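Keep the view open and turn it as you read.

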Amino acid sequence: MSEPVIKCENVYKIFGANAQKMLQDSNGNVDAKTFQENGCIVGVNNASFEVSKGEMLVVMGLSGSGKSTLLRCISRLTDATGGKIFIEGQDLLQLNNKDLIDLRRNKMGMVFQSFALLPHKTVVENIAFPLQIKGIKTEDSISKAMDMVKLVGLDGRENYFPRELSGGQQQRVGIARSLAVEPDIWFLDEPFSALDPLIRKEMQDEFLRLQDKLQKTIMFITHDFDEALKLADRIAIMKDGIIEQLDTPANIVLNPATEYVRKFTEEVPREKVLLIEDVMEISKDNLGDLKVSKDEIIENVAEKILTQEKSVAVVDNNNNIIGSINPTKIINTVFGGRKHNN
Amino acid sequence: MELLKKYPKTFQWLFLLVVFFALCFAIDVPETYKFIRGQAEFVKDPNQSSYVFLGKEVRYYAFDVFWRLPPLLGWLPIWINDSLFFLMNDWMPIEVWNEDTQEFKSRPIVLQISRNLTAFMTFLIELIREILLGGLETIVAFTSWDWIDKNPWAELPGLPWTIVAAGAALLSYKLSGKGLALFAGLTMVYISVFGQWKPSMQTLSFILVAAPLSFIFGLGLGIAAFRSKRVEKALYPILLVMQTMPQYAVLVPALVLFGVGDHAAVIITMVVAIPPMILLTLLGLRAVPPEVIEAGRMSGCTNFQLMFKVLIPTARRDILIGVNQVIMVCFSMAVISAFIGAKGLGFNLLLALNQLNIGLALEAGLCISLIAILLDKMSLAWANKQTDYFGNLTFYQRNKNLLFFGAIFVIGIVLAYIGTYLFKDTFNYLFEIPHNKGISTADFWNKGVDWIFDTFFIYIKAFNTWLIQEVLQPMRALYLRMPAIATIVLVVGAGYLIGGLRSALVVCALTLFIAFSPWWDRALVTAYMATFGVIVSCIIGFTVGTLCFQNKHSANFMLGVCDIFQTFPSFVYLIPVMMLFGITDTSVLIAVIVYATIPATRYTIEGLRSVPAGLHDAATMSGVNKFQRLTKIEFPLAFPHMMLGINQTIVFALFMVIIGAFIGTEDLGQYILKALSDKKGAGIGLTLGICVAFIALIFDNLIRAYVQKRKKHLGID
């Protein structure tokens, strides 16, 4: 497998006057309580993970869990107190200011919760801003920005000022701006949290559409577990600076690693999250005529399967039978023993 | 006991007042005491005591220390003065090449710096002045007087007033639109037709140098303070004092350092105008949301780009207010610095006031105010202007305004040329209408004043006498009757009760400084005048503000009126009051009241407006009537903001009281004015200025502490 795009090794972020020294003394055994007594606050506690090319990692946690801090360490908006971060093999913390600026100008894009648009610039100027900062000519940057305006569906509003737009529209501008330099890595810090539920759903769909087309490497921060399930390739759940579990949505729902994670999964409608693949059996006995794809979400095919008497064949993309699923399994998954799963 | 537990604060205040009055009654007025025994004047007098500091003898009248503290800081003005002279005349001599004598000469470094600065400022002012009015100095600066003698044609001709007027209108049109263009054109025509062209352009050239320089330095220092905590900490106390220091007081040291003239005026204007610019820049930069900064960083901004493309544009609103402040201070100083020889409208205004020619003063004052409003509006429009990128325009469209100006330029010159034939025997009115050759309404105003005076003399006189005898004199006597120790106890106690120990210590230090200076009595008189002004201003301001708030349009109208009034240079306020009340304390006080009512009104309206709409509705649904809503909901919530208004009112009032010394009052301002004409006045002027600043800072400290506590209590921001 090729090199991961983002790689974190034992990343710590501790706020406070003598954080550096305390971290060294603790030998990597950071206890938030003792640190707090000494006037330090632990933001990120020993985070290690990798994100590979084209993957979307969603970091989920409640407020104060350190998820935004983690993102800011990886974008180096703050310097990590300890550990190593590699972006495409480059040691991020060793970069000098100039290289860091180069990296941001060419490889990174970021979307913010409160949109963070420049109030004195119009939509198109806001989107062209990172390009102009790079030193691209005004005309070229504007024409490129106009493409971005079309991409996020804001045509006709390019000369509006941010204050004249709704929240959803403003965030479209934020997204377009972060994509203007065609970055490989895309950071999104709770991009849809400030939006109304309906708009949020619309933006999520829009976002999935974009990602389908662009295939960026993404770190997406959210406090909304449903959003995480809907969007993620993998989810990292954070609490008090520690990554409690990092896995695919299905595995998190089926096998929560800690009590904390389980609480989130309890209310989740599994049929909407799990794929046929996640619940199928390997045995290929007693198959009926119906075939379903392994990538279907249970909800979409449940009705079909429940009308069958025999097991249903599960096929992969090449129409090879790779397993089976029977109605009882579906019923068990949807209604069965949620509280004491597995 | 129950009561005491229920209202501990009230009892603490009561206790403080009891102690205060006990001290007042316990300590008698010493028999030797008479108001103001000229402690600052160093004449031999057998009753005087003295002490020696640095070989200088400081004399004072010995009173009971409970009554008045001895002037232990009496040496400070002398010391400041000596230090200044030492700096200017003896400290660190360097070798300087002298063009005239063709040899090196030894000169102290500060003097040399001051000379160079002076030369630079003079050059800038002359350059702009001569573009507007014509002259030789600029060309001389690049060549020499000899060269000018040989080439008599070499003279900047100056622009005909028609070009400047049309140019101003065009610029206003481009910046804002028809309304401002019309205003600009009319203002310029008015100035010209009324024969104020030359002094107006002199003042304008002064401001066109001082304002941009103040803006640049203020912005730069503001950025420096934003980026470094240390710079901020070093700057902050200086800013506080400078903001509350009366403008007169800064003039005096400037005299010593830079001499007399426009250049000194520009430098001193910068000293006064830069602090508010720094503070507002800092305020604006601080208010930029952190995510916007992060967005800038993630876009790959360098530090420089981040500052100038993200931070400053985002903080534009506050920085703009800073620009406004700078312009206002510049106009205010344009008048005041006439005391140290700045030419222009300010000089004419002072002269007219001195001669009690109210009509002339009114005309000059009106010109200054009009130009001030014009520049104020233009700078606002400029800052709000958007650049558009879709510039696929033709050459004509892109340079339309430039072409227009070219046309105006040619027409103006042709007109001026025709004028030389039309007005062969008199002045060329199409080039420049000379001073005092335009239309003048001065006579009309003077007659009006005379008529008012003749007609209403009895009433005005009666009012005047009543006010002075029944209100002002007793109030002044009460203030002076306070033993120093009682005053200090009261102020420090208030500091402790409002802001805790820290506040008490700060207030104590400030008060002690004034008490140990030789001018405690004068400070009391200043305080009494300011108090009177502030109380009346606040009553008027709160009433007017509350009434106007009841209707959206009247509130907006009132804020607009406040805006315009605030643009007037402070000196202008003296004109109408002198018209009515002549040279008395009443004049000063009325000027103080008018001037200080502006912030009181403005902050009342703003404070009431800041009450959340939700509360408004909640109150209405609880069935309160309008009056109840005002007293139970709006006033308590708006009160912290209104208190900040009182703070501003105090500063404004003190400024005006000091300026009022021009009319002749017996407070600190009188001595500052005296120090202006004294060669060794720098130290005295500066120390007096600091005393006034400290009076303002004492109140500032108390009010801020109170507002902070109150806001926390109410849970506002």
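## Chain B: the layout

In chain B, the centres of domain 1 and domain 3, taken over C-alpha atoms, sit 44 Å apart. Keep in mind that what you're looking at is a predicted model. The domain assignment of chain B gives three pieces: domain 1 covers 95–150, domain 2 covers 194–386 and domain 3 covers 519–714.

As for secondary structure, chain B has 29 helices and four strands. Its C-alpha trace spans about 90 × 75 × 70 Å along the principal axes. A compact globule of 717 residues would have a radius of gyration near 27 Å, and chain B comes in at 28 Å, so the two agree. Buried residues make up 43% of the 717 residues in chain B. If you take the contacts in chain B with a separation of 6 or more, 75% of them are between residues 24 or more positions apart.

## A hairpin in chain B

Now find strand 3 of chain B (residues 93–98) and strand 4 of chain B. These two pair in the antiparallel sense, over six bridges. One place to look is B:Ile94, which stands opposite B:Arg107 in strand 4 of chain B. Four residues lie between the strands of this hairpin, and B:Gln102 takes a positive phi there, near 55°.

How many of the six residues in strand 4 of chain B are buried? The count is zero, which leaves this strand (residues 103–108) hardly covered.

## A covered helix in chain B

Helix 24 of chain B (residues 574–581) is mostly covered, with six of its eight residues buried. Those six are B:Leu574, B:Ile575, B:Val577, B:Met578, B:Met579 and B:Phe581.

What covers the buried residues of helix 24 of chain B? The cover includes helix 16 (345–354), helix 17 (358–384), helix 20 (442–481) and helix 25 (585–609) of chain B.

Over in chain A, six strands form an open sheet in the order 6-7-8-3-9-10, and the pairing is mixed. Strand 6 (108–111) and strand 10 (242–247) of chain A stand at the edges with a single partner strand each, so one side of each has no neighbour in the sheet. On average, neighbouring strands of this sheet are turned by 15° against each other, direction ignored.

Within that sheet, strand 3 (residues 56–60) and strand 9 (residues 234–239) of chain A pair in the parallel sense over four bridges. Here A:Val58 stands opposite A:Ile235 in strand 9 of chain A. Helix 3 of chain A (residues 67–74) lies across strand 3, strand 7 (185–189), strand 8 (217–222) and strand 9 of chain A, and runs at about 150° to strand 8 of chain A.

## Two domains in chain A

Where they touch, four residues of domain 1 of chain A are in contact with five residues of domain 2 of chain A. Helix 10 of chain A (residues 249–254) gives the most to the domain 1 side, with three residues. By class, that side divides into three nonpolar, no polar and one charged.

## A closer look at A:Thr265

A:Thr265 is found in helix 11 of chain A (residues 259–266). Is A:Thr265 buried or exposed? With 20 other C-beta atoms within 10 Å, A:Thr265 counts as buried, because 20 or more is the cut-off for that label.

Leaving aside neighbours within four places in sequence, A:Thr265 is in contact with A:Ile252, A:Val253 and A:Pro256. A:Asp99, on the other hand, is 166 residues apart from A:Thr265 along the chain, and their C-alpha atoms are separated by 42 Å.

## Where the chains meet

Finally, look at where the two chains touch: 21 residues of chain A are in contact with 18 residues of chain B. On the chain A side, the elements that give two or more residues are helix 4 (97–106), strand 6, helix 5 (123–134) and helix 6 (138–151) of chain A. Helix 5 of chain A gives the most, with five residues. By class, the side of chain A that touches chain B has twelve nonpolar, five polar and four charged residues.

Technical notes:
Residues are numbered from 1 along each chain as its sequence is written. Chains are lettered from A and ligands numbered from 1 in the order in which they are written. This is a predicted model: local features need pLDDT of at least 70, side-chain atom pairs count only at pLDDT 80 or more; totals for chains, interfaces and linings use all residues. A residue is buried if 20 or more other C-beta atoms lie within 10 Å of its own, exposed if 12 or fewer, and partly exposed in between; C-beta atoms are placed from the backbone. Two strands pair if DSSP finds at least two bridges between them. Two residues are in contact if their C-beta atoms, placed from the backbone, lie within 7 Å. Domain bounds come from an automatic or database domain assignment. Axes are lines fitted to C-alpha atoms, for helices over the stretch in contact, and angles run from 0 to 180 degrees between N-to-C directions. Ala, Val, Leu, Ile, Met, Phe, Trp, Tyr, Cys and Pro count as nonpolar, Asp, Glu, Lys and Arg as charged, and the others, Gly among them, as polar. The radius of gyration is taken over C-alpha atoms; the globule rule is 2.2 Å times the number of residues to the power 0.38.
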